Amino acid sequence: MTQEFDLVASLARGVEDRSGAWSFIEGFAARWAGPLESGDGRPEEELVAAEARLGVRLPAALREAYRLFGRRGDLTSNHDVLLAPAELYVDAAGEALVFRHENQGAASWGVLLAALADDDPAVLVRPDLADKAAERWEGWLPRLSLCFVEIVLSESLHVDGERCDFLDPEDGSIELLEETCARLPFPAYPEGEEEHGIRWFLGPDVLVRDDGGTGLMARGRTAPALERLRELVDGDWLDG
């Protein structure tokens, strides 16, 4: 008999190390998107070609993520975009290896070149600003594997509209969320913004991301699950 996926316990292990992160993503995919299969990863020759082109060695965590689910756009690229190995590049300042773009080009995610020798280095984000001189690589998450957990969770919020919705919080909305859903064991982020950072919650078959009180994004595993959340956290839901 197949063991039921325990999202909370699996996520807690995923926060600890990268092997736990990959196990969480495998379990989450099977329950919320579709099981990982052998053809879902990028072949080794694509990674070797990217390293030869860039003249760098990719971190172990990045290689493992590509090999496990690098072709699964439904897990990584519903909204923002995970670059294919052939699209990886070093930023113009020569500071970081960029592996992900915000869907409208408003930000990029990368790993500092100085940290590429680490197996599971920190991930930084760089906003695209009108004043280019003001752009900086800023802390996002302390480990690349943890960033991939965040990617899979966040991209799950952008499947078909019947199971996803957005709420601009009103007075009491965040309190209702905290009362009716359990806070997930994922650290608030970006780094340095923990007090008002992004947090994750879980209700019955529904995921919710609290963007620091500025917006709630919800994903039900089913449409009825999402509707139950709308009833619990009342407000002017975008598609409700």
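Pro190 sits in the loop between strand E8 (182-183) and strand E9 (198-203). A cis peptide bond links Tyr189 to Pro190, with omega about 5°. Helices (H or I, at least four residues) and strands (E, at least two) are DSSP runs, numbered from the N terminus. The model is predicted: local features need pLDDT of at least 70, side-chain atom pairs count only at pLDDT 80 or more, and totals for chains, interfaces and linings use all residues. Residues are numbered from 1 along each chain as its sequence is written, and side-chain values use heavy atoms, leaving out hydrogens and water.

**Another loop**
- Asp205 lies in the loop between E9 and strand E10 (206-211).
- Asp205 has a positive phi of about 60°, although it is not a glycine.
- At 27% relative accessibility, Asp205 counts as partly exposed. Buried means under 20% relative accessible area, exposed over 50%, and partly exposed in between (1.4 Å probe, protein chains only).

**Nonpolar cores**
- The largest nonpolar core has 56 residues. Such a core is a set of buried Ala, Val, Leu, Ile, Met, Phe, Trp, Tyr and Cys residues joined through side-chain atoms within 4.5 Å.
- Phe24, Phe28, Leu88, Phe99, Trp140, Phe148 and Trp200 have the most contacts inside this core.
- H6 supplies the largest share of this core, eight residues.
- A second, separate core has 13 residues, including Leu167, Val206, Ala218 and Leu229.
- Not counting residues up to four places away in sequence, Trp140 touches residues including Trp109, Tyr189, Pro190 and Ile198. Contact means heavy atoms within 4.5 Å.

**Helix H2 against H6**
- The axes of helix H2 (residues 18-32) and helix H6 (residues 144-155) come within 9 Å and cross at roughly 15°. That makes H2 roughly parallel to H6.
- Axes are lines fitted to C-alpha atoms, for helices over the stretch in contact; angles run from 0 to 180 degrees between N-to-C directions.
- Angles under 35 degrees count as roughly parallel, over 145 as roughly antiparallel, 65 to 115 as roughly perpendicular and the rest as oblique.
- On the H2 side, Arg18, Ala21, Trp22, Phe24, Ile25 and Phe28 meet Ser145, Phe148, Val149, Val152 and Leu153 of H6.
- By class, this contact has nine nonpolar, one polar and one charged residues. Ala, Val, Leu, Ile, Met, Phe, Trp, Tyr, Cys and Pro count as nonpolar, Asp, Glu, Lys and Arg as charged, and the others, Gly among them, as polar.

**Helix H1 against H2**
- The axes of helix H1 (residues 7-16) and H2 come within 7 Å and cross at roughly 150°. H1 is therefore roughly antiparallel to H2.
- Leu7, Ser10, Leu11, Arg13 and Gly14 in H1 meet Gly20, Ala21, Ser23, Phe24, Phe28 and Trp32 in H2.
- The residues of this contact divide into six nonpolar, four polar and one charged.

**Helix H4**
- Seven of the ten residues of helix H4 (residues 60-69) are buried, so H4 is largely enclosed by the rest of the structure.
- The buried residues are Ala60, Ala61, Leu62, Arg63, Ala65, Tyr66 and Phe69.
- They pack against elements including H2, helix H3 (44-54), helix H5 (73-76) and H6.
- Phe69 counts as buried at 0% relative accessibility.
- Phe69 touches Trp22, Ile25, Leu36, Asp40, Gly41, Leu75, Thr76 and Phe148, not counting residues up to four places away in sequence.
- Phe69 and Pro142 are 73 residues apart along the chain, and their C-alpha atoms are separated by 21 Å.
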